[in-house]
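Here is a short briefing on one structure. It is grouped by topic.

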Amino acid sequence: MTIQSIIKLIRNNLILAGIVVLVIVTSLIEPKFLTGANIENIIRQFGTLIFVALGMTFVIMAGFIDLSVGGIISLVAVVTVTLIDKIGQGPAIMIGISIGLICGLLNSFLIITSGALTQAEALFLTYGMSLVYGAVAQIYVQGVTQFLTYSKTSISLFDAINSGSIGIVSISFIIFLVCLLILYIVEKRTYIGRSVVLVGGNKVAARLAGVPISKSIVFIYAVSGVMTAIGSVILVARVTLASPVMGTPYMTQAILAVVVGGTALMGGKGSVLWTVMGTLLLILMGNCLNLMGVTTYIQYMLRGAILILAIWLDNRKQFSEGN
Amino acid sequence: MITNIKEYITKILSLQKAFLAILLVVFIMALFNLNPKTHSEFFSSYNFIDLLKSNSIYLILGLGQTIVLVAGGVDLSIGGVMTVSGIVAIQLINSGVPIPIAIIICIVLGMAVGAINAYISVYQKTEPFIITLGMGVLLTGVAQQLTDAHPVSVDFSYSEDFLNLSNYKLFGQIPVLIIVMLVVLAVIYWVLRSTSFGRNCYAIGGDYEVAKYSGINVLRNKSLPYLISGMTAALSGVMLSSQLNAGNSIFGDVTALYVVCAVVVGGTSVAGGIGGAFKSAIGLVLLGLLSNAFNMLRIDTYVPYLPTALQGLIIVAIIWADCYGRKRKREEV
């Protein structure tokens, strides 16, 4: 094994290399890193972000983008929490997830009817919708933060989602694994999943080849809406309240996780598994910096720098492959 | 004859949707004013100047953004640049740097950020909006680090001069901020309209490859807009700090998306090659006018947060119409 082939291996698996380096460095600096409590903490932090990012992966793979996730999280959260006392927990969660689905369908309806083909057009349409969803959430609760209460039942689904576990695996982690498995099979093994990738690769060629573009657009935004709604329910279970502005930070973080994972922003290349790696890298980094006592402000700066660096490196890799 | 009129109407409708929307808003407000119950101060010179003043910051940002969009790029770091430059201006002045030098330092800072954006997105051929989005996140972190996430303001001994920078009223009623905005508008209009650089921007935004083979220095001409946008963003940051005598790391959070949306609403295409200074100004004024009109009608007191929802719907509607127009054009060809 020559040095060149090692360099090539690292360059092709940059994210994995990053994760390994982070784990080694952090566990050397801070022995607390590899304790059970911290690993549990890391898995817990996977929470909302990974669900939103998994949905976003499909959207970005098809060459579009969904900025409305922030608004959807807020809307689903407030609706779910206020409905618990009226119709019970299970139905409330179901309605919350259907609202996510409806929001996603609405996005895709706007994009298909307007004939938006570029990422930039989708960006502004979904940003406008994000304002609308956020404002609807505000109007619905009159701007008041809603607290999670279970006055009528003793068994709590939300408690189970937040802290329950089967054996040593927490329930939220199981939900994540199930979602990941379904999305992975859909991406690799189904007609619609392959169409999404083809649409992202080249829209004109996809249309000429008879790939159903409109169907793919409906599918990606519906997936994004549903996954965001699931993320929102998990967020509610974790923080036990619902505020109409709680979704805002997830918009950029989800895009960051997807892109750091290596999914091409131009579309046509990507995988939900890469997104899991990207999210893991981001969370490990945050955890590592927290353990070393770096302030959140500097973490913010680093997040921006990593986003720029990830795109830049990915771009250079594609160029060198092209030559 | 009838088909002529029909063509004429469709032509007007496709030309300036935002301007028509402004006329519609003014007309509706005039109708509301007829009823003494809903009569408001909408048609007063005070409200007009207030409307311009409260949107001047956005206008300055939007004008710089226009050149970037015309050249086929996009700059989402303007919110971050604005925040950082406003904070740096205040901190420099507090540490004894004369005000003009502080302003120049801020503007150079903005141009430096623009240069980095340009290098990575133009010379390295990456997707500009994610690069500049990352830059915006990074700069927000810088702003938090500089201020420890607390608001900052200029010391009392310097504050009068600094506040006058945008609040001093010329002729007794027009704040300097509006004059600065008008100067920026005139300069950007002139640059896009009458300089070879401006015309090159349209060519590059229209078709990058064609512009390249026509002998235009595409790399340099596509980079310069980012520097200009950084410059206007830094300028608006200083003016904002002076207007409020405050710098805060949360100011620029959603500014960039709002401004780009408003510019696009005005008729500048996100695909590049189409747009202009006045179009952008109209888009920004429309969004400002809407929130002004909503305030005047006190919609907030009937249904809180309804204005935000309506604003979002109007952004969606106009961008939808814009996309739909392009789709129709594609299908005709």
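Predicted model: local features only at pLDDT ≥ 70, side-chain atom pairs only at ≥ 80, totals over all residues.

**Helix α4 of chain B**
- Is α4(B) mostly covered or mostly open? It is mostly covered, with 14 of its 17 residues buried.

**Helix α6 of chain A**
- Helix α6 of chain A takes in residues 119-141, which makes 23 residues.
- From first C-alpha to last, α6(A) reaches 33 Å. That is close to the 33 Å expected at 1.5 Å a residue.
- In α6(A), 20 of the 23 residues are buried, so the rest of the structure largely encloses this helix.
- A:Gln142 follows α6(A) and has a positive phi, near 55°.

**Positive phi in two loops**
- A:Thr240 is not a glycine, yet its phi is positive, at about 50°.
- A:Thr240 sits in the loop between α11 and β4 (241-242) of chain A.
- With 13 other C-beta atoms within 10 Å, A:Thr240 is partly exposed.
- B:Lys125 is not a glycine either, and its phi is positive at about 55°.
- The loop between α5 and α6 of chain B holds B:Lys125.
- B:Lys125 is partly exposed, having 13 other C-beta atoms within 10 Å.

**Packing of α3 and α11 in chain A**
- Two packed helices are described by the angle between their axes and the distance between the axes.
- The axes of α3 (residues 36-61) and α11 (residues 213-239) of chain A come within 8 Å. They cross at roughly 175°.
- An angle over 145 degrees counts as roughly antiparallel. α3(A) and α11(A) are therefore roughly antiparallel to each other.
- On the α3(A) side, the contact residues include A:Gly47, A:Thr48, A:Phe51, A:Val52 and A:Leu54. On the α11(A) side they include A:Ile220, A:Tyr221, A:Met227, A:Ile234 and A:Arg238.
- What is the make-up of the residues in the contact of α3(A) with α11(A)? They divide into 13 nonpolar, six polar and one charged.

**Interface between chains A and B**
- In this interface, 41 residues of chain B are in contact with 36 residues of chain A.
- Which elements give two or more residues to the side of chain B that touches chain A? They are α6 (128-147), α12 (255-265) and α15 (306-332) of chain B.
- The residues on that side of chain B divide into 28 nonpolar, 10 polar and three charged.

**Confidence in chain B**
- Chain B has a mean pLDDT of 85. In chain B, 96% of the residues reach 70 or more.
- Among the elements of chain B, helix α1 (residues 2-15) has the lowest mean pLDDT, at 68. Helix α5 (residues 99-123) of chain B has the highest, at 92.

**B:Ser157 in helix α7**
- B:Ser157 lies in helix α7 (residues 156-167) of chain B.
- Is B:Ser157 buried or exposed? B:Ser157 has 9 other C-beta atoms within 10 Å, so it is exposed.
- B:Ser157 and B:Ile228 are 71 residues apart in sequence. Their C-alpha atoms are 33 Å apart in space.

Definitions and conventions: Residues numbered from 1 in each chain as written. Chains lettered and ligands numbered in written order. Axes fitted to C-alpha atoms, helices over the stretch in contact; angles between N-to-C directions. Helix = DSSP H or I, 4+ residues; strand = E, 2+ residues; numbered from the N terminus. Parallel < 35°, antiparallel > 145°, perpendicular 65-115°, else oblique. Contact = placed C-beta atoms within 7 Å. Nonpolar A, V, L, I, M, F, W, Y, C, P; charged D, E, K, R; others polar. pLDDT = per-residue confidence, 0-100. Buried ≥ 20, exposed ≤ 12 C-beta atoms within 10 Å, placed from the backbone. Expected span 1.5 Å × (residues − 1).
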